[in-house]
Amino acid sequence: MTILEWMPFSVLVPLIAAPLCALLPGRVMPWSLAMLAVIASAAISALVLPAAVDEPLRYAFGNWPPPFGIEYYVDAVNAFLALLISAMAVVILPWARKSVNQEVPERQGPFYALFLLAMSGLMGITLTGDAFNVFVFLEISSLSTYALIAHGQRRAALLASFRYLIMGTLGATFYLIGIGLLYIATGTLNMADLAERVPEVSDTRAVRAAFGFIVVGIGLKLALFPLHRWLPGAYANAPSAVTVFIAATATKVAVYILLRLVFTVFGVEFALDMPYREVFFTLGIIGILFASISAIDQPTAKRMLAYSSVAQIGYIALAISLVSVEGLAAGLVHIFNHALMKGALFMAVGAVIYRLGTNRVEDFAGLAKSMPWTMLAFVLAGLSLIGVPLTAGFISKWALIQAAIAQDNWVAVAVVLVGSLLAVIYIGRIAEAAYLRPAPENRAPIREVGPWMMVPLWLLIAANFWFGIDTSLTLDTATRGAEVLMGVGP
Amino acid sequence: MLEFVLPPAFLMIFGALLIGVARPALRPLLALATPLVTLYFIWQVDDGIQQTATFLGYQIQLVEGSALRRLFATVFALMAFGGVLFAFRQSKWWELSAALLYASGAIGVSFAGDLLVMFLFWELMALFSTVVVWCGGTESARAAGIRYAIIHLVGGIILKIGIEGLLIQTGTVEIRALSLDSFATWMVFIGVLINAAAPPISAWLADAYPESSPMGGVFLSAFTTKTAVLSLILLFPGQPLLIWIGLFMIFYGIIYALLENDMRRILSYSIVNQVGFMVCGIGIGTELALNGAAAHAFAHIIYKALLFMSAGAVLYQTGERKCSNLGGLFRTMPVTTICGTIGALAISAFPLTSGFISKSMINSSAAAEHMAFVWFALVAASAGVFLHAGIKFPWFVFFQKDSGLRPADPPWNMQAAMILFSVLCIGLGVFPGLLYSLLPYPVDYVPYTADHVVTQLQLLLFAGLAFFVMLPMMRRTLTISLDFDWVYRRALPWVVGVLDTALGRARDAVTRAVLLVGANTVQLIREKPYGYFSSRSPMGRTAIWMAVLLAVVVLLAIV
């Protein structure tokens, strides 16, 4: 089999493994199967990336030719993202084992099955070249994510899950309406086909309304301010392992599908004609400032990081609102880097929850003494979030500021910098509690977590520094992807 | 073509990290060896670009050698060694490790071939100097560290914008002389000046340094401001604006040091004052002036570290930091007294000390360019330096009335460090050729002419006389504000005091207004049961927002 024929299996393997996983008893077997499935998926994604960067891979399902059948279309943009999702799953699952044993003690088979479904849904959204197929996978990943969030230990998890369900369904419905309008106007659902036909009908109201529905619907999925309200509750109440996974991947996939539809399907010129720049620029800026300030006085670390995620979405929205190769590259590279840093931060907090049972900010007092490696990891990932040189976060902000300066957009520059300062404050709150405040007298002695949690955490920390120094994979691939999206270059 | 050159800064970073994982018994050895090995490699760096790497798709120049760069790197490594010698038995290992990382940042900046590399090490310095401040371990050190971190973060950000702007406008970030003709160069200029403690952002220095541990202060005194001086020499030589900024810093330092009571805060203001001399020299910009600025930085690092060591020794032995509670320590701390006095003489540019051979170069360069006002101001300021650092510090700490304290001299390693630096102060003063041979431009300057020596001695004598004439009054009131009958000295503190009060009130009012607006904004947006953007039942609001956004997008799209 060629790489092209292997490619769909990066989605299919976890999808097929999921029902099997649900049937497996005990704790070890479901986890092992899930692990095998994500490793297979990641291995395929890693093989696909170099091939897809040179030339797009197109795979027609059931040998139905594209306009009629469903097609997978993989180029530099989504191969990069697929590798990110599957690789994050590989890193997160070993970490999740201990945490899930504690937080979801029973019926782990269905839990890991949902995890695999969520992952394969995200992979499917990323790889498919069919606009309706996106909706199907969006629902697969969303529904399984709602169920995963409801596994949280506290009762608030059910409420958070329900709210996400309602709001997420609203978003998905908007998307579906938008796709429906496009179908009426053009008679096709294949993205490549749409891209050819949309320009002919681009001044009809149906297509313009479709643009509005799609942007707003996906805007909710990516938690763009002010449609971010589902996110803090969902992240804060989900089991730690689920939080790590969705924080690192779910909103990123929404950004991808937005970019794919706006730039590939509608096209750059149509987007510039639409209020695309204004909407994302304004909401991005407000989102950065609003969410960063909100993050400062959140009572728990998970909620704080959740608001920080909303702010990071703001950076991405700001970057892609610049509509230039540099801007899109900055957005894509931040998708990758943010997954690394937020993954590490949520893992560190998850480790604290595992040992301490709580993640209130004041409970971090004196933790640097009893959990030195976890807290060091938290601080290092925090430095990356702030954007200190030699970390991945620095690369993101550097690219974003360069893109903004190139357009003389000083408002964007100022907002990015203020956002960094605010990040110092909210990361500093936890670091200060852990390092400079004494531990409460009555706390029972706690130990550092074991290698199952420590190794994945430090892998991500190492990645944060690796991709802060060697940018050949991230920045170059992102630039290549941005060129594809903008329709320039080879 | 390029042979592999080990960047000296990396070596020091490696040593500093090794301290963390080494066995406790090996840590002092590692901490002492690291600066010396680094010093050896600093001297192995030849002129020109020695080591490049790829970062962010650019070819960056990790190591570029020149006489000036080696001079600064040498004194930074020397300083790191002296500081570790002073501290290694008293400090916790993480303080030593942070201090060495801080020093490695300074050495990295010294050899940085372009602004990108400079910026990377610049941030390294900011990060670990904050840790050194925090190692003070007190509540006020914690708060001061946070303020310090925020100032340097803002400074770093400004520098970063400047560098990115330059990169986009000119396509190169080579370190070369820049002119202040674009937004980007202004940002670089301001970013560097913030680290030099230039006005109006000078206060961070005297705010943070005195809160560090007795050992930490020694490290802090050396690196941040002097790397800024080096960067100014490389980037903005002969920028006339720097003359006035330098003069302002000189007098700012003197006035505040004269009004101050905390001994390490006096020395901190004195850093601002001394850096002012260097900045002024850079502004004059002739070969003699730049030589003078470089030489003065070299000499200053050593005698200021010596002064911080003696103050640190007193603090370590007595736990007392206010001048008004100290005094009479010469009886039981002879070594500290002698070393502190040597440092004080050196900072006052007493002949036969290192300060004399360096500062006189700057003064002479002003004279050579016929800048009468600048020359006069510099000479007057030299008298002021003698007053606040040369006499006030040793007099109130070691002599004056007997405070009743009978502390012993500090442990042997502290004494050894102080003696080492005292020897350097005198050695450089007696054999100026040693320092002059390291300077970037050839030196035909002769410090020990009858004219120079007599002028300087006269100045110092009169300033000393003024101090001791007024002494009975000070002894009676025991206040620390020195009121001299010399008109401007009496008037100026008053003017400054009035201004300070007025400015303080204005600042308080602004702060209150900002806080009020800020608090209301935060109230509006933060997660509270009744805050608009975060109601606990967010579904309906989200639906409304979706409708609003859809309406806006579609309307704008169709119209």
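# A walk through chains A and B

All 27 of the 27 residues of helix 11 of chain A are buried, so this helix is largely enclosed by the rest of the structure. A residue counts as buried if 20 or more other C-beta atoms, placed from the backbone, lie within 10 Å of its own, as exposed if 12 or fewer do, and as partly exposed in between. Helices (H or I, at least four residues) and strands (E, at least two) are DSSP runs, numbered from the N terminus. The model is predicted, so local features need pLDDT of at least 70 and side-chain atom pairs count only at pLDDT 80 or more, while totals for chains, interfaces and linings use all residues. Residues are numbered from 1 along each chain as its sequence is written, and chains are lettered from A and ligands numbered from 1 in the order in which they are written.

Helix 11 of chain A covers residues 240-266, and at 1.5 Å a residue its 27 residues should span 39 Å; the end C-alpha atoms are 38 Å apart, which agrees. The expected span is 1.5 Å times one less than the number of residues in the helix. Helix 11 of chain A also has a kink of about 40°, centred on A:Ile246. The bend at a residue is the angle between axes fitted to the seven residues ending there and the seven starting there. After helix 11 of chain A comes A:Gly267, with a positive phi near 95°.

Now take chain A as a whole. It has 21 helices and two strands. Its radius of gyration is 21 Å, close to the 23 Å that the globule rule gives for 490 residues, so chain A is as compact as a globular protein of that length. The radius is taken over C-alpha atoms, and the rule is 2.2 Å times the number of residues to the power 0.38. Along the principal axes, the C-alpha atoms of chain A fill a box of roughly 70 × 55 × 40 Å. Of the 490 residues of chain A, 64% count as buried. Among contacts in chain A with a separation of 6 or more, 80% are between residues 24 or more positions apart; two residues are in contact if their C-beta atoms, placed from the backbone, lie within 7 Å.

Most residues other than glycine have a negative phi, and most peptide bonds are trans. The peptide bond from A:Phe225 to A:Pro226 is cis, with omega near 0°, and A:Pro226 is in the loop between helix 9 and helix 10 (230-237) of chain A. A:Val323 has a positive phi near 50° and sits in the loop between helix 14 (301-320) and helix 15 (325-356) of chain A. With 20 C-beta neighbours inside 10 Å, A:Val323 counts as buried. A:Asp408 has a positive phi near 55° and is found in the loop between helix 18 and helix 19 of chain A. A:Asp408 is exposed, with 11 other C-beta atoms within 10 Å.

Next comes the interface. Here 44 residues of chain A are in contact with 33 residues of chain B. On the chain A side, the elements that give two or more residues are helix 7 (156-186), helix 9 (205-221), helix 13 (276-296), helix 18 (392-406) and helix 19 (410-436). Helix 9 of chain A has the largest share of that side, ten residues. By class, the side of chain A that touches chain B has 32 nonpolar, seven polar and five charged residues. Ala, Val, Leu, Ile, Met, Phe, Trp, Tyr, Cys and Pro count as nonpolar, Asp, Glu, Lys and Arg as charged, and the others, Gly among them, as polar.

Chain B is divided into domain 1 (1-170 + 178-231), domain 2 (237-485) and domain 3 (500-558), with bounds from an automatic or database domain assignment. The C-alpha centres of domain 1 and domain 2 of chain B lie 24 Å apart. Between these two domains of chain B, 33 residues of domain 1 are in contact with 38 residues of domain 2. Helix 3 of chain B gives the most to the domain 1 side, ten residues. The residues of that side of domain 1 of chain B divide into 23 nonpolar, eight polar and two charged.

B:Phe88 lies in the loop between helix 3 and helix 4 (93-111) of chain B. With 21 C-beta neighbours inside 10 Å, B:Phe88 counts as buried. Leaving out residues up to four places away in sequence, B:Phe88 touches B:Pro28, B:Ala31, B:Leu32, B:Leu96 and B:Asn413. Elsewhere in chain B, helix 6 (residues 139-170) has 32 residues and reaches 46 Å from its first C-alpha to its last, close to the 46 Å expected at 1.5 Å a residue. Just after helix 6 of chain B, B:Gly171 takes a positive phi of about 75°.
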